[in-house]
Amino acid sequence: MNTTGPQRNHSGRRWPLRAASVLLAVSVLAAGGFGISWALAANDSSVELAATRDRVLSAGRQAVINYNSIDHRQAQRDMDQALDGTTGPLRDVLEGSRDQRIERITKNKAVMRAEVLDSALTELNTREGKARMIASYKITEEPTDGKPSTSRWRVRAELTRTGQGWKMSRMTPTSI
């Protein structure tokens with residue numbers, strides 16, 4: 001006969017407590033691991049390099065668009081945008097042909113819009129402030145008295161870091 005009284009099974013009550021303890025421990029370890037990973041990534045120079053690469057590529061894409069886009073209704077503004085995205089020899093060429101370009105576009109009442117289809121940086125030297133990129137783009141010319149035409153181009157471009165950001169300093173057509 002049992003003199004201590006009925007035996008209680010406490011394992012049913014302890015199971016939720018044990019599960020909660022295990023879950024809490026796993027959560028604390030996971031949070032610590034993610035925190036360490038975040039801290040390492042925040043101080044990783046490759047993150048900064050990737051952000052710089054993205055900024056340079058974005059500036060290069062926009063420079064290609066601005067250089068090849070002009071609307072006769074706002075030719076002065078479009079030329080200013082093209083000049084703002086260039087530096088060095090490319091800017092010199094653009095400044096030298098500015099008036100002729102504006103006159104030709106205004107006379108023909110043309111609208112030329114460039115669209116970058118694909119691009120990539122092929123080289124980035126942040127210490128020297130130099131980068132190279134390739135781009136594929138199309139120009140759609142919309143004359144007022146004719147059917148729009150589209151031409152496709154591939155170029156190699158060089159970018160240079162200036163006091164005002166990254167600017168295109170050279171652009172040469174390349175074969176497909």
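Visitor: How do you know that the span of helix α2 agrees with its 24 residues?

Guide: This is a predicted model, and the test uses its C-alpha atoms. At 1.5 Å a residue, helix α2 (residues 45-68) should span 34 Å. Its end C-alpha atoms lie 35 Å apart, so the two values agree.

Visitor: Which residues of α2 are buried?

Guide: They are Thr52, Val56, Leu57, Gly60, Ala63, Val64, Asn66, Tyr67 and Asn68. Two of them, Val56 and Gly60, are in contact with leucine 159. Another, Asn66, is in contact with aspartate 78.

Visitor: What makes leucine 159 count as buried?

Guide: Buried means under 20% relative accessible area. Leucine 159 has 1% relative accessibility, so it counts as buried. Leucine 159 sits in strand β4 (residues 149-162).

Visitor: What is leucine 159 in contact with, leaving aside its neighbours within four places in sequence?

Guide: Val56, Gly60, Leu121, Gly129, Lys130, Ala131, Met133, Trp166, Lys167, Met168 and Ser169. Arginine 132 is 27 residues from leucine 159 in sequence, with 6.0 Å between their C-alpha atoms.

Visitor: Why is aspartate 78 called buried?

Guide: The cut-off is under 20% relative accessible area. Aspartate 78 has 3%, so the term applies. This residue lies in helix α3. Beyond its neighbours within four places in sequence, aspartate 78 is in contact with Asn66, Ser69, Ile70, Asp71 and Arg113.

Visitor: Why is α3 called roughly antiparallel to α4?

Guide: Helix α3 (residues 75-84) and helix α4 (residues 88-108) pack at an angle of about 160°, with axes 10 Å apart. Angles over 145 degrees count as roughly antiparallel. That angle therefore makes α3 roughly antiparallel to α4. The crossing of α3 past α4 is right-handed.

Visitor: Which residues make the contact between α3 and α4?

Guide: From α3 come Ala75, Gln76, Met79, Asp80, Ala82, Leu83 and Asp84. From α4 come Arg91, Leu94, Glu95, Arg98, Arg101, Ile102 and Thr106. By class, this contact has 6 nonpolar, 2 polar and 6 charged residues.

Visitor: What is the phi of lysine 109?

Guide: It is positive, about 50°, although lysine 109 is not a glycine. Most residues other than glycine have a negative phi. Lysine 109 has its place in the loop between α4 and β2 (110-125).

Visitor: How is glutamate 142 classed by its relative accessibility?

Guide: Its value is 37%, so glutamate 142 counts as partly exposed. Glutamate 142 is found in strand β3 (residues 130-143).

Visitor: How far apart are glutamate 142 and lysine 109 in sequence and in space?

Guide: They are 33 residues apart in sequence and 8.8 Å apart in space, C-alpha to C-alpha.

Visitor: How many helices and strands does the protein have, and in what order do the elements run?

Guide: There are 4 helices and 5 strands. From the N terminus on, the order is α-α-β-α-α-β-β-β-β.

Visitor: What share of the protein's residues is buried?

Guide: Buried residues make up 28% of the 176. As for contacts between residues at least 6 apart in sequence, 52% join residues at least 24 apart.

Definitions and conventions:
Residues are numbered from 1 along each chain as its sequence is written. This is a predicted model: local features need pLDDT of at least 70, side-chain atom pairs count only at pLDDT 80 or more; totals for chains, interfaces and linings use all residues. Side-chain values use heavy atoms; hydrogens and water are left out. Axes are lines fitted to C-alpha atoms, for helices over the stretch in contact, and angles run from 0 to 180 degrees between N-to-C directions. Helices (H or I, at least four residues) and strands (E, at least two) are DSSP runs, numbered from the N terminus. Angles under 35 degrees count as roughly parallel, over 145 as roughly antiparallel, 65 to 115 as roughly perpendicular and the rest as oblique. A crossing is left-handed if the near helix is turned anticlockwise from the far one by less than a right angle, and right-handed if clockwise. Contact means heavy atoms within 4.5 Å. Ala, Val, Leu, Ile, Met, Phe, Trp, Tyr, Cys and Pro count as nonpolar, Asp, Glu, Lys and Arg as charged, and the others, Gly among them, as polar. Buried means under 20% relative accessible area, exposed over 50%, partly exposed in between (1.4 Å probe, protein chains only). The expected span of a helix is 1.5 Å times one less than its number of residues.
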